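I opened the notebook to look up a few places in this structure, one at a time. Each entry says what I looked up and what came out.

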Amino acid sequence: MTKTAVTFRLNGAETAIFVDGGQNLLDVLRRGVGDLSPKYGCGQGGCGGCSVLVDGTLRLACITLAESVDGASVETAAGLADGPRLHPLQKAFMEGFAAQCGYCTPGMLMAARALLDANPDPAREEVVEAISGNLCRCTGYEPIIDAILAAAADLRGGAAR
Amino acid sequence: MAIHKGRGFACVNYPIGMNLGGDPSQALVHATPDGKFMVTLSSIDLGQGMKSVTRQIAAEALGVSVSDVHVDTADSDTGPHCMGSFASRGTHRVGNAVIRAATEARAQLLEAAAEEMEVDAADLVTDGSGNIHVRGAPSRAITVADTAIAAQFRQGRTLAGRGIFLVPPSDADPETGEMSPVTCFAHAALVVDLEVDDETGEVTVQSIHSAYEVGRALNPRLVEQQLIGGAWMGLSHALFETTEPVYPERDPAPLDFNSYVMPGPGDIPDHHVAVLERPAPDAPYGGKGPGEMCANPVLPAVANAIYNAVGVRCDTLPITPERILRGLRELGGARPGGWSGGNFGGTGNPNGAEPRTGSGDGAGNGHGDGHGTRPAWMATGR
Amino acid sequence: MTTFEMRKEYFADERPEDLKEIGRPTIRQDILGHVTGRSRFYDDHLFDGLLHMRCVRSPHHHARVRAIDASAAEAMPGVRRIVRSGDVPKNLNTLLSLLGFGRDDEPLITPETVGYRGEPVLAVIAETEAAARAAVRAVRVDWDVLPHVLDVEAALAPDAPIVNSEYPNNSFDYHDRYDHQKLRFGDVDRAFQGAERIVEGRYRMSPIEQAPMETCGAIAVPESNDRFTCHTSTQALFFSLATTAKLLDLPSAKLHFIGGTVGGGFGGKVDSVVEPMSVLGAQLTGRPVKFMWDREEEMQVGAPRGAEMWDIRDGLDRDGRIIARRFTGYFDAGAYTRLSSYAVVKAVGHLPGPYTIPNVAANVYCVFTNRTPATAMRGFGITGVDFAIECQMDRAAEAAGLDPVAFRILNAYRDGDMKAHRRLAKNTALIECCQVAAEKAGWPLDGTALSQSSLSGGGGARASVPETATDGEGRIGERRRRALPAEPLAGSGPRGRLPEGTIRGSDVAAAPPQRMDMGPGSGPDLESFVVPPLPAAPSPATGPVPHQPPIAPSTAASSPAAPATPTAPATPATPAAGDSMLAARLRRSRFLAGTRRR
Amino acid sequence: MITVETFDTLAAASSAMAGAGSGNRAGAGGSCYMGGGTLVMRAVNYGDGDFSRILRSRDPALLRIEPDGGGVFIGAGATMAAIAGHRETAFLAEAATAVGGPAIRNMATLGGNLFAPPPYGDLSTALLALDARVRTADGQETPMESFFARRRMTGPLVAGVTVPRPEPGVLRFRKVTRVRPKGVSVMAIAVRLPFRSGRLAGVRIAFGAMGPTPVRAKSAESALEGGGLEDARIARAAETLAHDLAPADDALASAWYRQAVAPVHLARLLRSAREG
């Protein structure tokens, strides 16, 4: 089988790997590179469990052709924390009981991160829209929406200080 | 077009644990050399909070801080048997097993402390934050850590416990159905307020006011997670979900989340929850598992609210816009407040609507007289 | 918006508040792993040389495999192993065999006749998932398509296709005796005759997918110590381990199962299909093998909560008390038993809902149809009938002209009441929940409803078990006898086409008293048998018996002309066989015995 | 096994595709052009595409959104997010935003939307209502309607569309879904309602998910043409829909339901247009 070399930055670290034709980014991140934070939920682009940022843009890794990220910067939930220091979103999800089984959480965090990067002061409806491609089967979404709003407030406060 | 408001009620009880018993769970507890405790299970945490609630139960039963307890699960080589995480059995069965294991470990802890302090173990109590002292004399104390070190390195004593909980198996009688299904029940009641679009059959659920009796809320935030998420799933089952939309035909069959629909983050109603606690005598600190029963009352309450709104009895799940629309067509249009009336309510009626006396003429006649006036209970809540 | 309040004033004197850790909103132990993406779910383990296993599945609801040609698939690049039904050492199981409940009826990989669309007949193990998929597509199966049945009522008809050869009546066998589980408490038919109002309803629900965000899966790894480690998404670790040991005929000591961090389950991860598949794959290849469902499989092949249908008939007195309630329930099990048989028993134990009703009867069927087998889901055995009951309660309240909440409080069970399954109610709190929910919603209740309590008003006369009418209707095979093969069916005992209520001599040992009068918790009082008034029975003499309403039509208010009381044969008193049956069940139980039998 | 070929220009990709004797999607040669991947990669993941070769192009022209005569040219590679966020295509923002969640909108392209089977194709429905023209790699332009009538995976690759720019408020869009805020279409409706001297002139009404491709409701257009948005006229237009729509049953809704509520949703959309 033909392999294609792909080079990209993963959470800031240079990464190079050979991929199969048609292989998706989720598979490459998980099995190839060993970043297990994005999750397989459907392989259809329908659940958001594999949400990652590619060059700062929210994408679904399971329907991203792996070789299309050659030269790009990929960010995953594994890169959210700064060493032991959690990102405000992580803290807010933790304190707000915004995860139960935790399987949707990494994807949800990346969707929220994409929102807050673009819009530090979102209205509730904007949060709802931002996570509308990310499914959660446990929480009923309410705690997740609250946590994202709390993190936004935290981030704004942090910026002011 | 018209949007019709409706409100519906339902209440349920829910059996806790596997039906007919025979579903044991075990737990092991042991101390590390300096008095931290490991709880070893083979139970599954699938989001309901098994690791967290058993940790709190163990801490309580041991008399130590939750930060000094860690739950390790699930490895069949190290964790003793557990029947599994289903049937709302986790808190009840595993929790009881953990209490037993922790109680045995605690007894050893107190004996070890008593030996160090040269007092009677029966006179010792724990303060829940790492100290053991003589009852009524907090200054006559030893730390849990020192006790554990002494037990291990001086006394040669283990601080460990084993626990099992089993509701003995039973059977159902073939002729009468006599049986001992479970030992305790959780309870719930709720009111759903919604709107029905009588031209499209679309339903918008606006609010839920609920009361859930859970024995004891061992961790109120975990209980809240279950109740809020469970009510969401109840709405989903009431209005959205099916693998066979035209059951019993198998097609069309949803194959993805675009066609297997569930309420999105924009479909979430307000939910005002009250939790009542009537501890079950045989449950860990009285706690009953809230994880399954929370969804159940939502389904019929939604159906009843739709009937209240437009007079269509929705007896088939899920209650899709199509089913409602077909019902409306059969009915010849919406019959809001569809209900044949009765003499009830009267006190604190926020609408000021007069109670009516209806025909009460029996089954299925949901739309007798006086559609224009709503019974008091139909009034929109706060 | 969510609000959350603890109503500590209720049951305060039953609840010591001296606890330190219990009741605190302690943060979840697993939350740091969840928010950092480092929680290890089953698939979050990496193995060199991991192989991928996928199934060839039936496109038909019911079909026989004439031949399978896997030669092209076998020759494809990356394909390591074709796995055939013959590779499964003990290729027949029923999940609840671990409890000694039901007969083995389902293969892991089906050798010949498939009973549902999606049933596996072959598996492929390959280097990549893509290679496995390509190989699956290259397998050619020659199918002999058979007639199928999808509707529960049609499946119970005499001439319906046989879905599951182990249960040729298309219904699960209860107690080696009946084609349904019974509940009999008091005498509903007599009570209907005295009822002021009759309320009836039929309620249905279609199958529901548990839809955990993590699909079902397992990775099995051959270890250097001649064991297999299995990382699994199971909800029941030892259940899956024991099922795997049984199907693969492996000593359980060879299996090391690891799980416990699961991406949602909701009942869909009890079935223990993925674990034996992956371990089998690891056995056959000597390499780590992953078997997981994609989302399409999760939705259509993974067992859903089954469909149900409930008929409820209520009789109300003048005051709006429910004096009789009768259920006929149908659980659509799909092609194999899985857990549906047990859901039926659980549902029967739950009837008639949280209400005190002096006369209750139910016949509940576990029906086989040609669809994906059903299994557990959040609310197992209860959600469907609770929907039916609570819709019915609104209908009945309407018929009685009562406020729906007040009507429920009027009929609610209270401490000390006898339930239909003959155990006393305790620790009840339905009334208080009704009151609090109504209060929060601003739903006005009258003084009577507000003054009620679960703690009072129960017991006394409500604590007794009423004189109960029983019957022998629904013996195994009665319904479909004419359509089935002539030879006797295994496990169903001696039978003949006898009128309902007739009990043959050879059946007497297992036959029940026809009417029993029991005090709370007591055994049957052998002195008090009387000949029961049985409901009107269908004539046994007329041709193929169409599926009758399992409890014969009542003769209440709506048709007052027929207070049918056919005489039934009196029968000698024999105590119910519950104890001996339990013993048999325990003897059969592999799980309780704790060891695997050879 | 899949091979992927990436070309610097659309023309090169198009001739490679033509050389393979196939078209935009799976053709005789088993080649498939991939834009954003939302549909193609799903098929790859599930192994159910009938192609073994994926063609891509990194031609920057595919991403262009720019004025073109009296209208706008949108490159086939422009994503929903790009269209929703671009000043030149602000009139399409509502329809582009109706597609998927944010991640899908960052990936899904105009080109893919033109070929998406129902219940997808919301943006294409709006483009049909606007009488856009599909431009192919060979420079030819085809009206949307003819494009949909002959839509197949053969022929030259699509370079983009040119869209006549509607006056503000002239394009009205409505998506009916089961799930909020985002679900796939029970139906999508796009109407172009240009008024000239108080009368409608050049009405176009398009429905998505009401047939194998987005489709015009021409009888309803005629009912409105030359008049205003009076209730009676709206009712008359709504009544005619059954003639022009041919929805299928799917897991979201039956054909019966779609037909039953299409007049309701069209009438609501028209009334809301009247009310501004």
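**Entry 1: chain B overall**

I began with contacts, where two residues are in contact if their C-beta atoms, placed from the backbone, lie within 7 Å. In chain B, residues 24 or more positions apart account for 75% of the contacts with a separation of 6 or more. I note that this is a predicted model: local features need pLDDT of at least 70, side-chain atom pairs count only at pLDDT 80 or more, and totals for chains, interfaces and linings use all residues. Residues are numbered from 1 along each chain as its sequence is written, while chains are lettered from A and ligands numbered from 1 in the order in which they are written.

I then looked up the secondary structure of chain B and found 6 helices and 12 strands. Helices (H or I, at least four residues) and strands (E, at least two) are DSSP runs, numbered from the N terminus. Of the 382 residues of chain B, 68% count as buried. A residue is buried if 20 or more other C-beta atoms lie within 10 Å of its own, exposed if 12 or fewer, and partly exposed in between.

**Entry 2: the largest core**

Which residues have the most contacts inside the largest nonpolar core? I found V302(B) and I306(B), in a core of 441 residues. Helix α2 (residues 90-117) of chain B gives the most to this core, with 11 residues. Such a core is a set of buried Ala, Val, Leu, Ile, Met, Phe, Trp, Tyr and Cys residues joined through C-beta atoms within 7 Å. Beyond four places in sequence, I306(B) has contacts that include G6(B), V196(B) and I324(B).

**Entry 3: a sheet in chain D**

I looked up a sheet of 3 strands in chain D and found it open, with the order β1-β3-β2 and parallel pairing. Its edge strands are β1 (3-7) and β2 (31-33) of chain D, each pairing on one side only. Two strands pair if DSSP finds at least two bridges between them. Between β1(D) and strand β3 (residues 53-57) of chain D I found 5 bridges. The partner of T3(D) in β3(D) is R53(D). Helix α1(D) packs on the sheet, touching β1, β2 and β3 of chain D, and its direction makes about 160° with that of β3(D). Axes are lines fitted to C-alpha atoms, for helices over the stretch in contact, and angles run from 0 to 180 degrees between N-to-C directions.

**Entry 4: T64(A)**

Is T64(A) buried or exposed? I found T64(A) buried, because 27 other C-beta atoms lie within 10 Å. T64(A) sits in the loop between β4 (57-60) and β5 (73-75) of chain A. L25(A) is 39 residues away along the chain, yet the C-alpha atoms of T64(A) and L25(A) are separated by 5.5 Å. T64(A) also touches residues including V54(A), R59(A) and G37(D).

**Entry 5: β11 of chain C**

I found 5 of the 5 residues of strand β11 (residues 228-232) of chain C buried. On one side these are F228(C), C230(C) and T232(C), and on the other T229(C) and H231(C). Strand β10 (residues 217-222) of chain C pairs with β11(C) in the antiparallel sense over 5 bridges, and A218(C) stands opposite T232(C). In the hairpin of these strands, with 5 residues between them, D226(C) takes a positive phi near 65°. Strand β12 (residues 255-258) of chain C runs parallel to β11(C), joined by 4 bridges; T229(C) has H256(C) as its bridge partner there.
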